[in-house]
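Biologist: I'd like to learn how to read a model like this one. Could you show me the thing and start with its surface?

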Amino acid sequence: MEFLYYQEIPEPDVLAGVMELHKHVFEGAELGLEKLVEKKNLITLVARENGQVVGFKIGYEFKDHTFYSWLGGVHSDYRGKGIASELMRRQHELVKTLGYKKVRTISRNIRREMLLLNIKVGFDVIETFTSEKGKHKIILEKTIRKD
């Protein structure tokens, strides 16, 4: 398994793999390049096996030394192998070295595996809300650096 990270938009073949995997993980939803370009301090982590993107984690600067872990997923054929955990660990390690003090994410009950992983690694539920589309969402936050 190869792990890569980018502090910018990934190279075209990796970006295409991330976009394809995003569709697989999020029931056909498209990830538009324009959504990536507008993010401040975008960081993308990728897990590849034999050149194929099998996992990804994307985030960006949120505010006040807080990094927002925005999107991520692992191909269904590769779940249960610790890939999501490793991507998360690497993301937190990297953003800590960049001076961020907290990581924030939003999850849903329907994504229980991710919700449980977040709680297991130290995230706290700080708020819940209902989206414009009527979906219940859970905001979680984790301190990664105390100064």
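Modeller: Accessible areas come from the Shrake-Rupley method with a 1.4 Å probe. Keep in mind that this is a predicted model. Here the protein has an accessible surface of about 8500 Å², and 47% of that belongs to carbon and sulfur atoms.

Biologist: And how much of the protein is buried?

Modeller: Buried means under 20% relative accessible area. Of the 147 residues, 43% fall in that class.

Biologist: What radius of gyration would a compact globule with 147 residues have, and what does the protein have?

Modeller: The rule for a compact globule puts the radius near 15 Å for 147 residues, and the protein has 15 Å, so the two agree. Taken along the principal axes, the box that the C-alpha atoms fill is roughly 40 × 35 × 30 Å.

Biologist: Which elements does the protein have, and how do they run from the N terminus?

Modeller: There are 4 helices and 7 strands. Starting at the N terminus, you get β-α-α-β-β-β-α-β-α-β-β.

Biologist: What share of the contacts comes from residues 24 or more positions apart?

Modeller: Contact means heavy atoms within 4.5 Å. Counting contacts with a separation of 6 or more, 60% are between residues 24 or more positions apart.

Biologist: Now the inside. Which residues have the most contacts in the largest nonpolar core?

Modeller: That core has 20 residues, and Ile-43, Ile-83 and Val-95 have the most contacts inside it. At least two residues each come from strand E2 (43-49), strand E4 (66-74), helix H3 (83-97), helix H4 (112-120) and strand E7 (136-143). H3 gives the most, with 5 residues. Take Val-95: beyond its neighbours within four places in sequence, Val-95 is in contact with Ile-43, Phe-67, Tyr-100, Val-103 and Ile-144. A second, separate core has 18 residues, including Val-14, Leu-21, Leu-36 and Val-53.

Biologist: Let me try Leu-94. Is that residue buried or exposed?

Modeller: Leu-94 is found in helix H3. Leu-94 has a relative accessible area of 13%, so Leu-94 counts as buried. Past its neighbours within four places in sequence, Leu-94 is in contact with Tyr-5 and Ile-43.

How values were computed. Residues are numbered from 1 along each chain as its sequence is written. This is a predicted model: local features need pLDDT of at least 70, side-chain atom pairs count only at pLDDT 80 or more; totals for chains, interfaces and linings use all residues. Side-chain values use heavy atoms; hydrogens and water are left out. The radius of gyration is taken over C-alpha atoms; the globule rule is 2.2 Å times the number of residues to the power 0.38. Buried means under 20% relative accessible area, exposed over 50%, partly exposed in between (1.4 Å probe, protein chains only). A nonpolar core is a set of buried Ala, Val, Leu, Ile, Met, Phe, Trp, Tyr and Cys residues joined through side-chain atoms within 4.5 Å.
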